[in-house]
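Hi everyone, thanks for coming. I'd like to walk you through a structure, so let me put it up on the screen.

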Amino acid sequence: MLLDRSFRRTLIARLLQSAGPSAAAALLVAAPGCGEPAAEAESAPDIRCFEWFDELGACLDRAQALDELRTIYRNCEDTNEIIVSVESDPELREGACCYEVTTHVCPNLGRPFTLEGHRVTAAPRLAEAGWLARGQASGAGGQQPSLADLTDEERETLADGWLRSALEEHASVASFARFALELMALGAPSSLVEAAHIAALDEVGHARLGFSLATAYRGAPVGPAAFPMPPAVPIAADLAALARAAAEEGCVGETVAAVIAAEQRVRAEDPAVRAALEVIAEDEARHAELAWLTVAWAIGAGGEPVRRAVAEVFEAAAASLGRPLPPGAEPGGGRAVALAAHGHLDGAEARALQGAALAQVVLPCARALGLWRPAAAAGVARPAASA
Ligand SMILES: [Fe+2]
Ligand SMILES: [Fe+2]
């Protein structure tokens, strides 16, 4: 359930203002239900396959196939989806066992750096790597979380969680560096190029905050290893590709990230964690604005083909809403509350918040700006994630 209503409402106003300053105020009032949950779209079944040889006999049954597919597709590690369930019996197709599956998009905590559709992050480095917040790096302290009431296991969970998020923030630095080059290559105005560089610096700050918190919970320094950057990094070939990526990673990804950071902040009680999340939520909201602004500029410059590329992104986001949430393997009850006080959301809650952010912020704004139309078909239900 989304708790921070005022953050959500302000964010919607800012995003609409970014994408269409002259019409934004009117749109907010006129768009029926901007800020209300979006209806889900119907989606085609997802098919996933793995190689199979006749000598092995019949294809695996549904339960075995789910384990196999999760191993192959490595949920949320290098793809952006979780395979929730296998919905059909196997079908043998040209040496592969194929199944209809239900998938869910992974919660995205910021702007990813992707290569050939795969997310890339640095490996952790278990040493001081020059990525701690200034006070902590010099040994002078700075604002530190309180460890007093935490068990060893809780500290380990928090260290792992903040490290994972710090590595994603670190990757966002590279993502914005590439985005700035793409803007230059496609003739964007200086305001966008400037904002992209500022955003990259924000992400340096977020990464430092994350590595500092991970270090505090771990009790020993941790940072990133060298970023695994290939010698040649592909950049967007045209305005449609740029706008599509901005819509996926920014209008969807960073808008959701901003909402999730605000929700983490509401639940957090530790002052050091709250202070970090305050900065991150505000910056991510600005990054989301930059994405909507970029999309508006690209559509203005490139016309209908660019608009269509962007619309496809929102259609895909809407389709993900109708899929059931995967079960969470994380702790519930008192332990979950203790961890939330230090900024940790379990996977199931993060995925539920992601759905709510899509339904209540991203899609209503896309609809208000004419970039997405809800499936008006009869029988379309409200998403379960709305809150
Ligand atoms: Fe960030
Ligand atoms: Fe960001």
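I'll talk about the metal site, then the salt bridges, and then the nonpolar cores.

One word of caution before we start: what you see is a predicted model.

Let's begin with the metals. Which residues coordinate the iron ion that is ligand 2? There are Glu203, Glu254 and Glu284, each through an OE atom, plus His287 through ND1, at 1.9 to 2.3 Å. If you like to find such things in the sequence, the spacing of these donor residues reads E-x50-E-x29-E-x2-H.

What about the geometry at ligand 2? The arrangement is irregular, because the angles between the four donor atoms run from 80 to 148°. To count as tetrahedral, all of the angles would have to lie between 85 and 135 degrees.

Now for the salt bridges. How many turn up in the whole structure? The search finds 15.

Next, arginine 14 and glutamate 289 meet in a salt bridge, at 2.5 Å from N to O. Arginine 14 belongs to helix H1 and glutamate 289 to helix H8 (residues 271-302), so the pair ties together parts 275 residues apart in sequence. Glutamate 289 counts as buried, because its relative accessible area is 18% and the cut-off is under 20%.

Then we have arginine 111 with glutamate 249, where the closest N and O atoms are 3.7 Å apart. Here a loop between strand S4 (96-105) and strand S5 (114-115) supplies arginine 111, helix H7 supplies glutamate 249, and 138 residues separate them. Both residues are buried. There is a network, too: salt bridges with shared partners join Asp4, Arg265 and Glu278.

Let's finish with the nonpolar side. The largest nonpolar core has 62 residues, and among those with the most contacts inside it are Leu11, Trp292, Val310 and Phe314. Several helices give two or more residues to this core, including H1, H5 (152-185), H8 and H11 (347-368). Which element gives the most? That is H7, with 13 residues.

Take valine 310 as an example: it touches Ala243, Ala247, Val295, Ile299 and Leu371, leaving out residues up to four places away in sequence. A second, separate core of 26 residues includes Ala122, Leu163, Ala268 and Ala276.

My last stop is leucine 15, in helix H1. Leucine 15 is buried, at 0% relative accessible area. Among its contacts beyond four places in sequence are Thr255, Trp292 and Glu289, and that glutamate is the salt-bridge partner of arginine 14.

Terms used:
Residues are numbered from 1 along each chain as its sequence is written. Chains are lettered from A and ligands numbered from 1 in the order in which they are written. This is a predicted model: local features need pLDDT of at least 70, side-chain atom pairs count only at pLDDT 80 or more; totals for chains, interfaces and linings use all residues. Side-chain values use heavy atoms; hydrogens and water are left out. A salt bridge is a side-chain nitrogen of Lys or Arg within 4 Å of a carboxyl oxygen of Asp or Glu. Helices (H or I, at least four residues) and strands (E, at least two) are DSSP runs, numbered from the N terminus. Buried means under 20% relative accessible area, exposed over 50%, partly exposed in between (1.4 Å probe, protein chains only). Contact means heavy atoms within 4.5 Å. A nonpolar core is a set of buried Ala, Val, Leu, Ile, Met, Phe, Trp, Tyr and Cys residues joined through side-chain atoms within 4.5 Å. Donors are N, O and S atoms within 2.8 Å of the metal (3.2 Å for Na, K and Ca); water is not among the atoms, so sites may look incomplete. Four donors count as tetrahedral if all angles lie between 85 and 135 degrees; four count as square planar and six as octahedral if opposite donors are over 155 degrees apart and all others between 65 and 115; anything else is irregular.
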